There are 2 protein chains.
Amino acid sequence: MAITIHQAKDAKLASIKLAALSSETKNNALKEIIKLLRAKSHEIFFANKNDIELSEKSKLGLPLIKRLKFDETKLNEVLEGIESLINLPDPVGETLAATELDKGLELYKVSCPIGVIGVIFESRPDALVQISALCLKSGNSVILKGGSEAFNTNRILTSIIAEACEKVGIPKGWIQLLETRSDVTEMLKMDKYIDLIIPRGSYEFVRYIMDNSNIAVLGHADGVCHVYIDKNAEVNMAVKVAVDSKVQYVSVCNAAETFLVHENIASNFLPVLKKNLEKFNVEIRGCVKTLKIIKVKAAIEKDWGAEYLDYIVSIKIVKNTDEAIDYINTYGSRHTDSIITSNKATAHYFMDLVDSANVFWNCSTRFSDGFRYGLGAEVGISTNKIHARGPVGLDGLLIYKWKLIGNGNIVADYSSGKSKFIHKKLNKIYSK
Amino acid sequence: MAITIHQAKDAKLASIKLAALSSETKNNALKEIIKLLRAKSHEIFFANKNDIELSEKSKLGLPLIKRLKFDETKLNEVLEGIESLINLPDPVGETLAATELDKGLELYKVSCPIGVIGVIFESRPDALVQISALCLKSGNSVILKGGSEAFNTNRILTSIIAEACEKVGIPKGWIQLLETRSDVTEMLKMDKYIDLIIPRGSYEFVRYIMDNSNIAVLGHADGVCHVYIDKNAEVNMAVKVAVDSKVQYVSVCNAAETFLVHENIASNFLPVLKKNLEKFNVEIRGCVKTLKIIKVKAAIEKDWGAEYLDYIVSIKIVKNTDEAIDYINTYGSRHTDSIITSNKATAHYFMDLVDSANVFWNCSTRFSDGFRYGLGAEVGISTNKIHARGPVGLDGLLIYKWKLIGNGNIVADYSSGKSKFIHKKLNKIYSK
């Protein structure tokens, strides 16, 4: 407990200096991290082997052990990610707005780091490297808590990153590793030192974090995504997109869980859909009306809004687009929802009224992802209604400050009427 | 209790439709509000007289009764505010980014309303009209809770606004008024329906809201602002700005509470400052070093970080700019802090390292305000580190959604290598 608060204070202190670092220093640090991770790769692999052996002994499941693995391939992937981060422009110090309040009184809205980011992730040690690099590039301190099964790997990765950064003059303490579950409980209370928490993991896990902290949380608990097939859909396109949304990768948040089908197109669409889903052994659970058209399992109440993350899909026939929208806004998780239609007005109506981070027209829900969106780097996917929504890139780790530069200006002159504001927009970049 | 949840659900339902309203409909509603408030002004003033009489009977303080007053002057001010809001461009539907992911697959990041805003304010009924108009313009539903002493005024204002909006086709239920304190307790738990809470009021009040809700809160609890007089300050300018920061309006959040003075300039600066503060009967509380230069009251530990909101100021002599920055980051409230110096490098160093929403150079802390910043309309001042910081205009009531428009595109084609992302930035505006 005592350790955690010191770590948080150290991270906060470091974050102040981190905010003022030059792009060059931050990129040098990223280069040094690449160098040192490569140089010490055998130590990392050794630590990872240790973790894996311990996990096998305690009979952890195979998928978990697979995620835990940190080998040459994973290392190369991670280093490639850092390389591309070096090539991105510095997101800090960007002029977002500039206004001349009066002659010689200039206001600048300038992007800056948020401060201290708490990241809680499960199993995958590569996430530790990736997220630390993102925080460094954006000038944020980071407090990390990984899965306990990756204990040895996380420890050596953190110490290598810290060592590389110290070499090039990054303020000490900017990266902190928590190692016990009780540390997390402490962390959730530290709204004085931690400005944002990014939890990555299961629904229960993220929900727990959201419900137990006053600190802002960026992320999503679940991904209950829909494809709505409108009466004006082209059947072949609808089948192709629906199948991709469901089966291209079933265990991820942007996979579809429910198809909503307009009653006018159901008898044409459903038999073709069924045939194509069966190729992937997808279990179909249909509403009462669906059962009258295709022979599938009957859906029960708890199928609506369920996140299967598996080769299962539920199908509901709706009367019109409004019913589809209401259904999605009621049972969805505000993540990603797609409409298939050749009617432009219906498409825009759907995209305006569905209250989700990602609203698509004639394409697969699986596209909602930072890499596919071309964001360069992904911090996570957020279903928040404030700050950042959908796939979040580096800009999710930034806020701004207002810098006002005057020459002895006082407010009394304006309230007395002696001076008047001009509020002229400036096409000027803030520079030191 | 049962009533509150119904109100929240209604507000949520209305918010979905509100998001898709045309600029014209929203502006028509604002015009209708102006018309109806004018037409029914006597009913409003009568209700307000009632509230004032009741408050006088229960011996409420004069300042509170003054804030409670809603007369011709207040009405005109409020209507002027709505007029200027009509003239502002619609903040909804703005294209924030556009990317061609592939030929015929276009991604748009488009601004949209947040959804349902909860606003809790004290006494002033004009705040109710102002905030409702801001929410309407930005397409958000609003749940309002005013001071109980303004019960009658708030009730009639809300019913007039609702009536005007219904006339021009704004979905019913978008504006809701809560009337009891227990309603607020219920409201803080409704993270399913309310997306953002804006509390306006005292430190204890805002702090209570922040500590007792999982819903995001936009605002500030306190405003502990500083002026740092560097060794390279011009004494006359420093005195002028310091005095304005302190006395121009003492009871507001952006008034200065503490002056930090570089030790090299203290003996020149402090005597002149003292003379000028005495003109306004400001009580000065100095640190030990200050007492050696000017004869003032001794500051005690709890003066550091105190928000006086009164004709009182504390003064601390510091060794250098770093000590000033550390002091501000420790005792300040991340609101507004100003440096007075003729040294450009020192000024930029200060503005980079002081972790506040507003960092100023050679001007009064009193400038941090939405009107003075030229934001057009002010939602509030935020000391948050995410979403919106400093004076917040209409854009604080907005978020964005990602709209992806394709032609049957599926992810399988990209993961198999058949198709490749091009991620080309588009100079294109999203249109229906």
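**Notebook: how chains A and B meet**

I began with the strands at the contact: strand 13 of chain A, residues 358–363, pairs with strand 16 of chain B in the parallel sense, over five bridges. I then looked up one residue of this pairing, Asn358(A), and found its bridge partner in strand 16 of chain B to be Trp402(B). I note here that the model is predicted.

Next I asked how many residues each chain gives to the contact. Chain B gives 62 residues and chain A gives 63 residues. I listed the elements of chain B that each supply at least two residues to the side touching chain A; among the strands are strand 1 (95–102), strand 2 (105–113) and strand 13 (358–363). Helices are listed too, including helix 9 (203–211), helix 10 (235–247) and helix 14 (344–353). The largest share of this side of chain B comes from strand 16, with 11 residues. I also sorted this side of chain B by class and recorded 31 nonpolar, 18 polar and 13 charged residues.

I then asked why the copies can be said to meet through the same surface. Of the interface residues of chain B, 100% are also interface residues in chain A, so the two copies use the same surface.

Definitions and conventions: Residues are numbered from 1 along each chain as its sequence is written. Chains are lettered from A and ligands numbered from 1 in the order in which they are written. This is a predicted model: local features need pLDDT of at least 70, side-chain atom pairs count only at pLDDT 80 or more; totals for chains, interfaces and linings use all residues. Two residues are in contact if their C-beta atoms, placed from the backbone, lie within 7 Å. Helices (H or I, at least four residues) and strands (E, at least two) are DSSP runs, numbered from the N terminus. Ala, Val, Leu, Ile, Met, Phe, Trp, Tyr, Cys and Pro count as nonpolar, Asp, Glu, Lys and Arg as charged, and the others, Gly among them, as polar. Two strands pair if DSSP finds at least two bridges between them.
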